[in-house]
Structure formats: C-alpha cells, structure tokens
Amino acid sequence: MTDRIEVAATELRPLLEEFIMWARTNAPDSDPELVGPAALWHRLAFSPDLGTWKRSDLRNLLLERMPKVVEDPDAAADGMLPAVDAYLTFLSQTGRLAKGSDSLADLQAELDDVEDEFVDLMEELLEDSEDGDDDEGADLGDLEPFADRLAALDTIRLRPDVELAAAARRAPLIAQARDLAVWVGPGRRVGEETLLTDAEVEEALAAAGLPRPETDGPLSDVVPQLWNVWNLAVDLEFLEPGEGGTVAVQDDTAEWPFDDDEDVLDAWMLGLHSVDYGDPELDDEDLTMALTGLTRGVLVRLLLAGGSRDRDELARELSEAATELDELGSDAWEAAGDPLAPAIDWLAGYGMVEVDGSTVSLTPLGTEGVIHLIDDADIEIDARPAIESMTAHELLALSAELPEDEADAELSAWMQLREPGRAATELLEAAAQDESDALIRVQAASVVGTLGEAAVPAWAAVLDQPSLRPYAATHLSQLGVEGAPEPTQDDTHWLILDMWTISAGMGRSEFVSSLRDIGDDMVKGLLEVVWKIPHAHVEELLDLISQVHPDKQIAKTARRALFKARSA
C-alpha cells in the first residue's frame, strides 16, 4: 500500500502544484493544502483517472474515506469542502474534468448535500480526540477552557491607536531590547554553546540596564532575564542572524520609539508572544514545565474579571489550576517561591499590566494584547474599537458582521459624533478604498442615502469614481439637485452587479434564489448587457451563473457573456 500511495502522490504532484498557483488568483479564500489528501484518496480508492469525478464517489470519499485519514478534523471541518469545490472548479475551467465525469454543477450540489454530515463527522472526530487527550499537553496558558466565558463577556471597547502607540513607546522592555541590540552592533560573532562570553555578558547586562548577579560559575548560566531580552530583540526584529555565526542590529533599531504610530504598534505586536518569557524558570526542567503558560493564565483571568484582580486571589486560583493540570504543579509552585513575580514583572515591562498595592490590572495595551492572543486561538470574543476612534471603514466592516439591531446602534452612536456632511464624506471615502468590496459600498451608500441634502457635497465629490457614480447619480437625481447627471442604464447594471456580488457571497443557494426572484427572462436580458460593465466581479459572477443556474439556456447565455467579457 505504501508503494501505491507514493506512486499516486507522484502522479498528483504536478497537478496539485498547478492548482495551488491557480487558487491564489481564483480561490484565495480556500486552503489548497486540504485538497491533497482528498485528491490522493480519490485516486487510490475511486478512480485511476485524476480527472474523473462522480457524485457517488465524491460522497463516499468525504463521508467514508476522509474521516479515517484526516489529520486535522478542525481544519477539515472549516475548509475541506470549499477547497475541494475550488479544486473541482479548477479541473473544469482548465479542461481537466474528464469526459464521463458528472457536471461541475452536480458535483457542487453534492458538496452542498454532504456538508452538514461531513462537518458533523469532523466534529465527532475532534471530540473523540479531545476526550482521548485527557488534558495531555494542556498548560496554564490554554485559552480554550475559557472559551464560553470569553464569548459571554460584554462588548470590550479597544482604545484608539494613538493611545496604544503612546503606551507602547513607554514599554521599558522594548527600550532594553533596543539598547541590547545597539550594543550587539552590525556583526557580532556568537558562540555555539553560549551566545556570549562572560566578559560580553557583563557588557550586555550593562547595556540593557540589568543587574549583574553574583555567581561562582559561568555568568551566562545565571542571567535568564538577559536571554529573554535578547530573544525579545529578535522577536521585535531589532536583531537578526547574519552569516558565519553572527548576529547584527537592524538599521532602524536605534530610532525606537518610532514616530509613526502604525510602525510602533506593528513592532509591539511582533513581540507580543514574548509574554511567554514571563513564565517562571526553575532549575528543574520538569518543574518549569509544570508552570508553563502562567503569564497567559494571568492575562485571561484579568480580562474575565473585568480587568483587575487581587494579587493574592489570582495566585491562589493559578496555584489550584497548576495542581489540577500537573502532578508536579504543587511542587513547582512551592519551588518557585512567588511564581507570579516574574510573570507580572514581564507584563508590566511590556506595558500590559500595572500594579497598585495588591491589585493587578490590565492596561489598555494589555487588553489589546490579550484580545489578539484570544483571536490567534480562534476563540470568539466581542471586541470592538471605541466608537470615538472607529474609522468609517471599521464601522462598515463591523456592521456587516453584526445583527441588524446592533449594527444600527453602532451606526447611530458613530453618527452622533459627526455632523452629517462630514459623516457622508468619511463613509463614501471608506467605500472608495476597495472597488472590489461591494458590501462596504452598498452599506455606505445606504447610510449616506438617509442623510438627505446634507450629503449632496459628498455625493457630488464621488461622481467621477466608477464604483460610486451609480449611487451618487441615483441619490442626487432623487434629491432633485440641479445639474446632477441622470442615472444611466450602465449605472443600473452596476447596481445589479453589486447586489449579485453580495448575494453570491452568502452562498450558492442564496445566489440562485436571488436570480430566481428576478425572473428568468430578466436574468437572460441582463446577461446580454452586463458583461460590458467594468465591474470587479463581472467575470466571476458570469462564471458562477454558468455553473449554478438550473436553466441550461440561461447557463449557456452566461457562458457566452463570460467569453465576451474576457475578450473585451
């Protein structure tokens, strides 16, 4: 069997490599890596011909074979069906879907039919895997056990970038990392067993402003904080490995703190995962491992408590958690003396917590950081920019993801902080940022459309922008503005293409339903003309209609229109 797998994998490799290249442009949201196992087992179990795909084989592959061989059920549940869909589309569009295969539309219909069952199977595998783990490998920093409580938190408002950048500039650990990197210089040779000689360690401690510990042994063995700052400098890209066993300071390191807020926050985010350096380091490696994740455990517990905790209460809770997670947890806690001390010191040095007496609190920068860590762990949490600092684009993007009543509340609160004319200008400028984003454009136009005459200057200002002209002309005409251009037929067609784009983004069945609502005759008529419109998604939409429309004549008309659009 191993030989058969190797042969099949060799046959598949060129095709999969071409698919990966195709997907970058045509299916950027899919994960081509998930196609490999499915294509391989299709070749092994169902068809020696790489291009022959049948509905029944596809069903058996996904529901019978893949649950036995999939390595990451979580990733498969989220992305395998879209990836297979993209792969089948690739085969069809490149002429590789062999004669004798079921049609692409039928294969995609089968994907729709098996989706719920496939996801259920993957979730069962995931549950079985988690049950079998018995918390093996879990540590004090695991966020998953807190997922439900995090999701239940009230909306968390994040502070404006200007405030966060100002706080990041004051973080002493980043200044230490800068000073250490500047001391390293443009090309310092490092050793294999220990990076620096004891003489160099003394210089490095002085450069970073760290105390020199007393020791009878090698100095490099008793300066964990120096090595943590060194690693932070690497994380921040202040230090970079060079050739021939050297490290070098990067050109702009000495300029920290940077002038540009975005550059400051980008750098701070690069070093965010340095929170792990705050975990206690003990002489015994097993005891050290028992306290792994302690610093992240501090952060998540502070957030769940509304931002502040009594230090002693926090210590008791984490001590109990360490004991529950690891049989050495209690011994490790006792051996560390005060395990919270290094964790809180590091977090304070990175600007994430502050201590007032016996109270430990998250700073706004700390809240921003822990939200990013939670997001990295794919855990849901309701965190939004502060209303007063939210840009129009952030507002529109957020509103698209919220229930209607919550979106209306966000819009209302945002609008109250601006006079109507300024709000209209900001919203339309946001809509103009990306011509391919029909949803943002439609949302912006809808809101600005409620502002009446106050929005006239903003509408007039975007008449020369192709993606917004249809909306501007329509609203200016409705307002009876003298000299305003009348909406053209092309403007109407652009509006239709925007609505089709949004509908297509909601799923195949929703898209087909929206086409049916228009009526077959009108769709057929539109297909004869919309191909001429220079809309970012016109070819994609025509291709989709040709694949999914149940009326074969309309699908044929769409294919003809797609050819014209590509030839124009």
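## Briefing: a sheet, its helices and the cores

Asp-310 stands opposite Thr-359 in strand β7. That pair belongs to a predicted model, in which local features need pLDDT of at least 70 and side-chain atom pairs count only at pLDDT 80 or more, while totals for chains, interfaces and linings use all residues. Residues are numbered from 1 along each chain as its sequence is written, and side-chain values use heavy atoms, with hydrogens and water left out.

**The chain as a whole**

- The chain has 28 helices and eight strands (DSSP runs numbered from the N terminus, H or I of at least four residues for helices and E of at least two for strands).
- Its C-alpha trace spans about 90 × 75 × 50 Å along the principal axes.
- Of the 568 residues, 46% count as buried (buried is under 20% relative accessible area, exposed over 50%, partly exposed in between, with a 1.4 Å probe and protein chains only).
- Among contacts with a separation of 6 or more, 68% come from residues 24 or more positions apart (contact means heavy atoms within 4.5 Å).

**The sheet of β5, β6 and β7**

- Here three strands form an open sheet in the order β5-β7-β6, with antiparallel pairing (a pair needs at least two bridges found by DSSP).
- β5 (308–310) and β6 (353–356) are the edge strands, each with a single partner, so one side of each lacks a neighbour in the sheet.
- On average, neighbouring strands of this sheet are turned by 20° against each other, direction ignored (axes are lines fitted to C-alpha atoms, for helices over the stretch in contact, and angles run from 0 to 180 degrees between N-to-C directions).
- β7 (residues 359–362) pairs with β5 over three bridges and with β6 over four bridges.
- Val-353 faces Leu-362 of β7, and in the hairpin of β6 and β7, with two residues between the strands, Gly-357 has a positive phi near 65°.
- Helix α13 (residues 294–304) lies across β5, β6 and β7 and runs at about 85° to β7.

**Nonpolar cores**

- The largest nonpolar core holds 81 residues, and Leu-150, Leu-226, Trp-230, Phe-238 and Leu-303 have the most contacts inside it (a core is a set of buried Ala, Val, Leu, Ile, Met, Phe, Trp, Tyr and Cys residues joined through side-chain atoms within 4.5 Å).
- Another core, of 39 residues, lies apart from it and includes Met-66, Ala-83, Val-84 and Leu-91.
- Beyond its neighbours within four places in sequence, Phe-238 contacts residues including Ile-174, Ala-177, Ala-233, Trp-256 and Phe-258.

- The axes of α8 (residues 172–184) and α10 (residues 224–235) come within 9 Å and cross at roughly 85°.
- α8 is therefore roughly perpendicular to α10 (under 35 degrees is roughly parallel, over 145 roughly antiparallel, 65 to 115 roughly perpendicular, the rest oblique).
- Residues making this contact include Ile-174, Ala-177 and Leu-180 of α8, and Leu-226, Trp-230 and Ala-233 of α10.
- The contact of α8 with α10 has 10 nonpolar residues, two polar and no charged (Ala, Val, Leu, Ile, Met, Phe, Trp, Tyr, Cys and Pro are nonpolar, Asp, Glu, Lys and Arg charged, the others, Gly among them, polar).
- In α27 (residues 538–548), eight of the 11 residues are buried, among them Leu-541, Leu-542, Asp-543 and Ile-545.

**A loop proline**

- Pro-257 sits in the loop between β4 (246–249) and α11 (261–270), and counts as partly exposed because its relative accessibility is 35%.
- Leaving aside neighbours within four places in sequence, Pro-257 contacts Arg-169 and Arg-178.
- Pro-257 and Glu-429 are 172 residues apart in sequence and 31 Å apart in space, C-alpha to C-alpha.
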